[in-house]
Amino acid sequence: MVLSSNAAAQAQSQPGSSGVRRQGLEDPRSKYPKPPFAQQQQPWPGLAGHMDPRPDHGEISYVGSGRLAGRKALITGGDSGMGRAAAIAYAREGADVAINYLPAEESDAREVIALIREAGRKAVAIPGDLRDEAFCRRLVEEALSGLGGLDIVVCNAGRQQARGSILDLSTEDFDATMKTNIYAPFWIIKAALPHLPPGSAIIGTTSEQAYDPSPDLYDYAQTKAATMNYVKSLAKQLGPKGIRVNGVAPGPVWTPLQISGGATEGKVVTFGATTPLGRPGQPVELAGIYVSLAENSGSFTTGNIHGAAGGQGNP
């Protein structure tokens, strides 16, 4: 269950046949900040703690209910964005969590580790660059050792750098995006698979870019289409082993990806304005999706892509 701080304050007891405490309605158009936003740019990979406004990952607003009690999760890109939202939600739902992040993101990551521990769960911090195959193998080993097992793998980390023309895209940039977004999940899943018991869940973060690519995200959009495809392929391959594979396809969500080269300064100012809701999403608004795709009640859901794009894009 995801509650904004306003909703939590407004929730009121409305006696009915079940006596359930009911949550007040919220208008999704005005629930979170709308553009125009301040012009801002940070060096890649960017820090959530330096964004204006600061994203909501569920630090205050996410309330758990034991849906993942006893589970053990590894989340890449767990310092900010959807990875941070998933880490907070998983911990508050009863899971122990290991997060991966780049060393430059240490300040954001420390906040997440503290929040996991505040939820009474085991937290494992594993900094390192996913473009290195040896590190990806070590990441899985350290997660297994630190958590005492593994049954949820969230491949969420991503690299996004806008380039107005393919002529501006260097081989080095193209290679970095492919290795972060496509090679790393391949290496991580391959290393984790022998250790995942039946009932485990693998979740990839794809994007509306897989279905409606922007002209300035030529390389990034390709990787998100590939993510959508590997989710569907692996779901067929791993279903007979009792392992489910699904994906989440966000639209415009307010994360450091945007202000660290993923969007031009002009696009940052108007970010999310084209959605029918008139604003970008906040990471916490996707937290419940990551929980649903991991929990046991979703046992017949595999090979699916769950969209959250504020009314635009697919699926």
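## Buried or exposed?

A residue counts as buried when its relative accessible area is under 20%, as exposed when that area is over 50%, and as partly exposed in between (1.4 Å probe, protein chains only). Q40 sits in the loop between strand 2 (21-22) and strand 3 (72-76); helices (H or I, at least four residues) and strands (E, at least two) are DSSP runs, numbered from the N terminus. Although Q40 and M51 are eleven residues apart along the chain, 7.8 Å separates their C-alpha atoms.

The model is predicted, so local features need pLDDT of at least 70 and side-chain atom pairs count only at pLDDT 80 or more, while totals for chains, interfaces and linings use all residues. Residues are numbered from 1 along each chain as its sequence is written, and side-chain values use heavy atoms, leaving out hydrogens and water.

Helix 2 covers residues 81-92, twelve residues in total. From its first C-alpha to its last it reaches 17 Å, close to the 16 Å expected at 1.5 Å a residue (the expected span is 1.5 Å times one less than the number of residues).

How many of the twelve residues of helix 2 are buried? Eleven are, which leaves this helix mostly covered. Among them are G81, M82, R84, I88 and Y90. Just after helix 2, G94 takes a positive phi of about 105°.

## Strands 4 and 5

Strand 4 (residues 96-101) and strand 5 (residues 123-127) run parallel, joined by five bridges; two strands pair if DSSP finds at least two bridges between them. In this pairing, A98 stands opposite V124 in strand 5.

Together with helix 3 (residues 106-118), strands 4 and 5 make a right-handed β-α-β unit. Right-handed here means that, with the strands pointing away from the viewer, the path from the first strand over the helix to the second runs clockwise.

## Salt bridges

A salt bridge is a side-chain nitrogen of Lys or Arg within 4 Å of a carboxyl oxygen of Asp or Glu, and by this rule the count comes to 17. One of them pairs R121 with D96, whose closest N and O atoms are 3.2 Å apart. R121 lies in the loop between helix 3 and strand 5 and D96 in strand 4, so this pair ties together parts that are 25 residues apart in sequence. R121 is partly exposed at 25% relative accessible area, whereas D96, at 8%, is buried.

R163 and D173 meet in another salt bridge, at 2.5 Å from N to O. This pair links distant parts of the chain, ten residues apart: R163 is in the loop between strand 6 (152-155) and helix 5 (171-192), and D173 is in helix 5. R163 is partly exposed at 22%, while D173 is buried at 16%. E285 and R279 form a salt bridge too, with closest N and O atoms 2.8 Å apart; E285 is partly exposed at 30% and R279 is buried at 4%. Elsewhere, salt bridges that share partners join R54, E59, R84 and E111 into one network.

## A nonpolar patch

Which residues form a nonpolar patch on the surface? They are I166, L167 and Y218, with about 370 Å² of accessible area together. Patch residues have over 30% relative accessible area and no salt bridge; like charges are joined within 9 Å, and nonpolar side chains (Val, Leu, Ile, Met, Phe, Trp, Tyr) within 5 Å. The areas come from the Shrake-Rupley method with a 1.4 Å probe, and for residues only the protein chains shown count as cover. Y218 belongs to helix 6 (residues 218-238) and is partly exposed, at 42% relative accessible area.
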